[in-house]
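Biologist: Please present the structure, and then let us discuss it by question and answer.

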There are 2 protein chains.
Amino acid sequence: MFYRVKGWHNRGMTTSAKPGPRERLLLAAQELTYTQGVGVGVDALLKAAGVARRSLYEHFGGKDGLIAEMLRRSTAEDVEQYRRTMDEAGDEPRARLLAVVDRLGRIACDPHFHGCRYLAADLALADPAHPGHEVTRAYRRAVHRLFTDEFTALGHERPEFAADQLLILVDGLLAAGATRPESRPAAASRELAVHIIGSGPRD
Amino acid sequence: MFYRVKGWHNRGMTTSAKPGPRERLLLAAQELTYTQGVGVGVDALLKAAGVARRSLYEHFGGKDGLIAEMLRRSTAEDVEQYRRTMDEAGDEPRARLLAVVDRLGRIACDPHFHGCRYLAADLALADPAHPGHEVTRAYRRAVHRLFTDEFTALGHERPEFAADQLLILVDGLLAAGATRPESRPAAASRELAVHIIGSGPRD
DNA sequence: CGAGATGTAGACCGGTCGGTCTACTGTCGT
DNA sequence: ACGACAGTAGACCGACCGGTCTACATCTCG
């Protein structure tokens with residue numbers, strides 16, 4: 001959700017050494033599944049990663065394994081970004097939560113944005129037993145936890161309920177960014193976020 | 001969004017005559033694209049519809065044509081259902097809008113629900129030129145219009161902005177129903193809806 | 001050195017994809 | 001009766017699907 005990857009070049013590596021096949025496959029999968037959906041072909045992934053067919057099956061056991069692992073990494077990075085965004089906003093819970101909504105609002109309005117990768121994966125992976133579903137569930141639990149903690153610190157009377165509301169708002173914001181970007185969803189969402197979070201020192 | 005179709009049997013037909021191939025294809029597509037996604041194979045559609053391969057290409061020109069036409073019909077039915085739900089709620093704009101949110105809340109909590117078909121289609125159809133996108137855009141415009149009219153009747157100072165908010169809320173509600181049904185998204189959404197709509201005679 | 005591990009390159013597998021085409025059948029209007 | 005037509009049944013097409021396999025290159029480490 002939080003950023004876009006073009007390749008291994010602009011990752012924070014100290015050396016410019018080309019990473020191994022496993023790494024290149026994960027990066028290619030992050031890129032291609034976002035632009036083409038999880039339905040991308042194995043051949044396209046291999047070509048984009050510049051990796052031999054065999055390496056995929058050695059490292060991930062198959063396409064599903066790669067998809068699941070790529071989702072795992074992506075969620076970890078996004079949760080970390082949520083955390084960083086909050087920390088950069090200071091200590092005040094209201095400001096921390098609003099910072100996340102504002103950041104997502106900016107992302108959703110980016111002309112290259114086309115939807116939440118995790119929701120898209122859940123909707124596209126018809127098989128409920130696909131390992132990817134477990135990853136996205138864990139992701140949502142983690143974000144919900146992040147929100148709940150802030151509401152608790154805020155002394156909110158129903159922290160989990162408020163976190164549910166914020167999560168609904170975020171999903172709606174991302175959906176609107178993907179399908180109705182001309183409606184300027186960031187502004188509409190922010191106002192709702194303020195209502196959920198309640199007015200405080202920063203607002 | 002609003003209902004589930006199992007086949008032509010339970011449609012409001014006066015005769016029990018089996019509909020033609022075109023009709024059966026549309027019904028099969030509505031059913032299968034919802035459960036399997038728009039990626040379903042042509043063979044599966046033909047088998048479910050009990051229709052010869054040739055009929056598909058005669059009536060719709062190809063799979064994309066069938067998908068687009070099925071979305072067209074689906075959106076028409078859903079918009080009609082929005083209207084009916086509002087009308088059944090009476091004349092009071094607040095009550096009419098809340099009735100829609102409540103109805104969608106019930107649908108999103110149905111154990112068989114697995115996401116908004118139109119958002120899923122937009123996320124799954126990677127090609128931005130696919131005719132289906134135009135259909136879903138029109139659908140969202142229509143619903144936005146429906147909402148805007150009610151806010152206008154309500155004397156709301158920013159009817160379009162409020163409609164945008166309600167649309168974001170609805171998308172979030174449906175996403176939550178698909179991915180976090182255990183969080184009881186209907187209750188959380190209703191409270192937000194009440195905030196957007198404002199308290200009135202019915203609330 | 002030489003063995004083992006790791007990688008590439010690409011042939012190959014059965015199956016499915018969307019789409020075209022031919023052959024046949026039932027039905028309806030004249 | 002008969003032709004036109006809409007439908008079915010299914011063979012067939014090239015392309016691609018995910019996955020397995022062999023052959024060879026490269027590297028590290030004992």
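Modeller: Helices are DSSP runs of H or I with at least four residues, numbered from the N terminus, and a residue is near a strand if its C-beta atom, placed from the backbone, lies within 6 Å of it. This is a predicted model, in which local features need pLDDT of at least 70 and side-chain atom pairs count only at pLDDT 80 or more, while totals for chains, interfaces and linings use all residues. Residues are numbered from 1 along each chain as its sequence is written, and chains are lettered from A and ligands numbered from 1 in the order in which they are written.

Biologist: Which helix supplies the largest share of the surface near DNA strand D?

Modeller: There are 18 residues around DNA strand D, and A:Gly41 and B:Ala52 are among those that come nearest. The largest share of this surface is four residues, and its source is H3(B).

Biologist: How many residues of chain A are in contact with chain B, and which helix of chain A supplies the largest share of that side?

Modeller: Contact requires C-beta atoms, placed from the backbone, within 7 Å; by this criterion 32 residues of chain A meet 32 residues of chain B. Helix H6 (117-124), helix H7 (131-153), helix H8 (159-179) and helix H9 (185-197) of chain A each supply at least two residues of the side touching chain B. The largest share, 13 residues, comes from H8(A).

Methods. Two residues are in contact if their C-beta atoms, placed from the backbone, lie within 7 Å.
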